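Thanks, everyone. Please have the viewer open.

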Amino acid sequence: MSLPAPIPVEEAQQRLCALVSPLPTEGIVAADAVGRCLAEDIEARRTQPSADLSAMDGYAIAAGDHSGPWRIVGESAAGHPFSGTLATGEAVRISTGAIMPHGSDAVLLQENATREGDTLSLNDEGNPTPRHIRRAGFDFEAGETLLRKGARISPAQLALALSGGHGVLPVHRLPSIAVLDSGDELGADPEKCEAHQIPASNGPAIAALARPFVSECLRIGPVKDTMDAMLGGLESAARADVIVTSGGASVGDHDLVKPALERWGATIDFWRVAMKPGKPLMVARRANQVILGLPGNPVSSFVTAYLFLLPLLRRMAGALDMLPHPVAMACLTPLPAGGKRTEFLRGRIVNGKVELIEEQDSSALRALAAADVLIRRDIGAPPTKANDSVEIYRIRNGGIA
Ligand SMILES: Nc1nc2c(c(=O)[nH]1)N[C@H]1C(S)=C(S)[C@@H](COP(=O)(O)OP(=O)(O)OC[C@H]3O[C@@H](n4cnc5c(N)ncnc54)[C@H](O)[C@@H]3O)O[C@H]1N2
Ligand code: MOO
């Protein structure tokens, strides 16, 4: 059998993402929109802060005399502004976040003041200063763009949208997926595997990776290595936006994903990518469905899900920024020259530098679970010395979402 030449990683990512468009838009209560992507730009509906506010607990001091003593004529508390106007020589008790009264132009910290009854004076620790005033509109003005179309709503973006006066956000629908494990050797119950079986760990791991980006995830299998079982598994996934299979993507006698997809009426878009691990990756379409055939080796399945499934789901969810961003980090371990495939090596971070994990077998789950990053090695990259900079993708500590 002559096999198609593996295509470069970037081309494969582009071809995959070009198969889909962002899903339709819906309005979602802002707090429930976390994880969704905006379908349009969001403008501020209010100015923040809407008035000059004190940034500290202390006293708002009238313009004109910053030496004191002053007469305290009232209070401005957060949510309860002082209604009058200060005259020279007057001050108002003020709390953090409260509105500066008319006529005031400085804040005296309470630690820098002595109060006796209604008389306020300096205690030589510091003077009234306008530095403790947060000016109206310094964060944003009504009408300014707060968040761009395609931005993913995370907790900080949620807080900003709420602060900008938005209770409901226009976002894209999330895709649904079905994840199918295949292989006669797979046991569904990890506590009851015979000697010839291994626990089916890929499906749950892929589903866990995808969870923040999907509306629902149907789990199918483990499916046996027969054409009928594979066709049955695919048919039960027929309503998902994306089908992910794991295993059976290679060239063995029992690798049935490709023939089963073809028999099921899917068209293979590409098969085999010049990457390690993950070479047998397969992408197919059937009507509006996209099928991603991930290799069975557990590390290959994880790495290809990270580099292909997540960008695909991000694109369907409306993100403009789909691909993971590599960053540069010094690498403690010297690395050999890159080969004929882009490599994604497991590494751990030690004191701010990355170190290669010795075990790089594409079935080694203990090494994967110990990894903080994938080290990217481009095709034909020159060898590196200790402490040379390499490109890494974080797969822990916030690197996924
Ligand atoms: N002659 C060749 N053999 C292989 C090639 C090749 O090019 N020529 N490619 C190798 C590469 S690279 C990979 S990766 C694997 C992937 O093959 P498959 O996608 O067909 O995967 P399987 O053969 O079904 O399984 C491989 C391995 O992974 C285990 N596995 C499968 N599914 C699961 C699961 N859901 N949970 C946990 N572990 C799973 C399976 O038991 C096997 O050990 O092919 C190479 N061979
Ligand atoms: O390309 Mo395979 O995914 O190395 O084990």
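Two helices, α3 (202–210) and α6 (298–316), each supply at least two residues of the shell around ligand 1. This is a predicted model, so keep that in mind throughout. In total, 27 residues surround ligand 1. The closest are Asn202, Gly247, Ser250, Pro295 and Gly296. Sorted by class, that shell has 14 polar, nine nonpolar and four charged residues.

Now ligand 2. Around ligand 2 we find Lys276, Pro277, Gly278, Lys279, Pro295, Asn297, Ser300 and Ser362. Here the classes are four polar, two nonpolar and two charged.

For orientation, the domain assignment gives four entries: domain 1 is 9–23 + 174–316, domain 2 is 36–47 + 140–172, domain 3 is 53–134, and domain 4 is 327–394. Between domain 2 and domain 3, the C-alpha centres are 35 Å apart.

Last item, helix α5, residues 257–264. Which residues of α5 are buried? They are Val257, Ala260 and Leu261. These residues sit on the same side of α5, because the arc they cover around the axis is only 100°. As a reminder, an α-helix has 3.6 residues a turn, so residues three or four places apart point the same way.

What do the buried residues of α5 pack against? The partners are the helix α4 (227–236) and the strands β13 (176–182), β17 (242–246), β18 (267–271), β20 (282–286) and β21 (289–294). On the face turned away from the buried side, α5 carries Pro259 and Glu262, which are exposed. After α5 comes Gly265, with a positive phi near 105°.

Technical notes
Residues numbered from 1 in each chain as written. Chains lettered and ligands numbered in written order. Predicted model: local features only at pLDDT ≥ 70, side-chain atom pairs only at ≥ 80, totals over all residues. Near = placed C-beta within 6 Å. Nonpolar A, V, L, I, M, F, W, Y, C, P; charged D, E, K, R; others polar. Domains from an automatic or database assignment. Buried ≥ 20, exposed ≤ 12 C-beta atoms within 10 Å, placed from the backbone. Helix = DSSP H or I, 4+ residues; strand = E, 2+ residues; numbered from the N terminus. Arc of directions from axis to C-beta. Contact = placed C-beta atoms within 7 Å.
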